[in-house]
Amino acid sequence: MINTLNQIADGWFSWQVSVLWQVAVLIAIVFVIDLIIKKWAWPQVRYALWLLVVVKLILPPTLTSPASITSEIPAIAENAVNIEFQKPEVEERPITALLTEQPVLLPETLPNHEPSYEITAIEAEPIESITLSWKTWLLITWLGGILVLSSWLYLRLRSLRLENTNQKVAKKLPERFDEIFNNAADRLHLSKHKRPKVVLSKKVKCPAVFGVFNPVLLMPADKFSSLKRSDLENILLHELAHIKRGDLWVHGVFMCLQIAYWFNPLLWLIRRPLQNLRELCCDATVAKLLREKTYCYRETLLETARQLLAEPTDPGLGLLGLFENSNWLVDRLSWLEKKTWKN
């Protein structure tokens, strides 16, 4: 049993090392390309570029392209191992030589010889105790980290989803909200089964959506009543654009990868560019709908950012919010000034 665990741990460790260096090389390449094209490329192009890292993490590390410069490395290593451990050929002797050789008489066959028996004690070699290797302990730690993060994320999202069942926290939505909400969903051509459930929450400071199969829209309960109609429309357009674009599905896959590779610091580093470019993509989607009224959407971002200036804006792991990174606000406003909806 212990030997089996050690063998599994050896395979797991080799797999993790391969993934680590391959992803590190890919991130370096993507970072350089993104740095070159960031001034003129559309955010959708840059976002798709960074998603290559996510795709690479899904694919097995042994999968390579025939045109890759590293595709021949496994074959070369296998040939080297075969040469190293190749058995020497046994010297063949002709049958005639074996027949002409004189037989060797054993002591039992000699005349007047009485066989003698001598008993010698054979010292038993000590049996080495088999213990778990350090790679096995790393594997156990990895599985424990996955269990802890998965449980924490499940409990957190479940509490947010069920928050409106508590009558002390939940508030009734105003009548005008249904009209504005349905109007925004219709403008995005969002089907009814994809429209999220709306929850007023005191645990979030900015609007956010989460959930893959059953989306939920979280609205800050303490700021909901003070929102203007135009600001509420623009916020709903932005959050529903996440659902329309399929960002929740991509984000769900990325969360699973973050949990599976929780020890990999590189995966946590690419979280920021993915967040920032995803928000730019949603801004472009809203600007395409508002067109000449895009300036109203910019004012909504400024007003909302002014209210959240002294508070953390990152909605946290698992949520897609209106402001996932307040430091990116200037870039978002600059991009909206380009009037990209004309193209």
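Helices and strands here are DSSP runs, numbered from the N terminus. The model is a predicted one.

**Exercise 1.** Find the loop that holds His-189, then decide: is His-189 buried or exposed?

*Solution.* 
Step 1. Look between H6 and E1: His-189 sits in that loop.
Step 2. Check its backbone. Phi of His-189 is near 55°, a positive value in a residue other than glycine.
Step 3. Take its relative accessible area, 65%. Exposed means over 50%. His-189 is therefore exposed.

**Exercise 2.** Describe the largest nonpolar core: how many residues does it have, and which element gives the largest share?

*Solution.* 
Step 1. Count the residues: this core has 34.
Step 2. Pick out those with the most contacts inside it: Met-219, Leu-232, Leu-236, Leu-240 and Leu-301.
Step 3. List elements that give two or more residues. Among them are helix H6 (175–187), strand E3 (216–220) and helix H8 (229–245).
Step 4. H8 supplies the largest share, six residues.

**Exercise 3.** Which residues does Leu-232 contact, leaving aside neighbours within four places in sequence?

*Solution.* 
Step 1. Read off the partners of Leu-232: Arg-176, Phe-177, Ile-180, Met-219, Phe-224 and Leu-227.

Note on methods: Residues are numbered from 1 along each chain as its sequence is written. This is a predicted model: local features need pLDDT of at least 70, side-chain atom pairs count only at pLDDT 80 or more; totals for chains, interfaces and linings use all residues. Side-chain values use heavy atoms; hydrogens and water are left out. A nonpolar core is a set of buried Ala, Val, Leu, Ile, Met, Phe, Trp, Tyr and Cys residues joined through side-chain atoms within 4.5 Å. Buried means under 20% relative accessible area, exposed over 50%, partly exposed in between (1.4 Å probe, protein chains only). Helices (H or I, at least four residues) and strands (E, at least two) are DSSP runs, numbered from the N terminus. Contact means heavy atoms within 4.5 Å.
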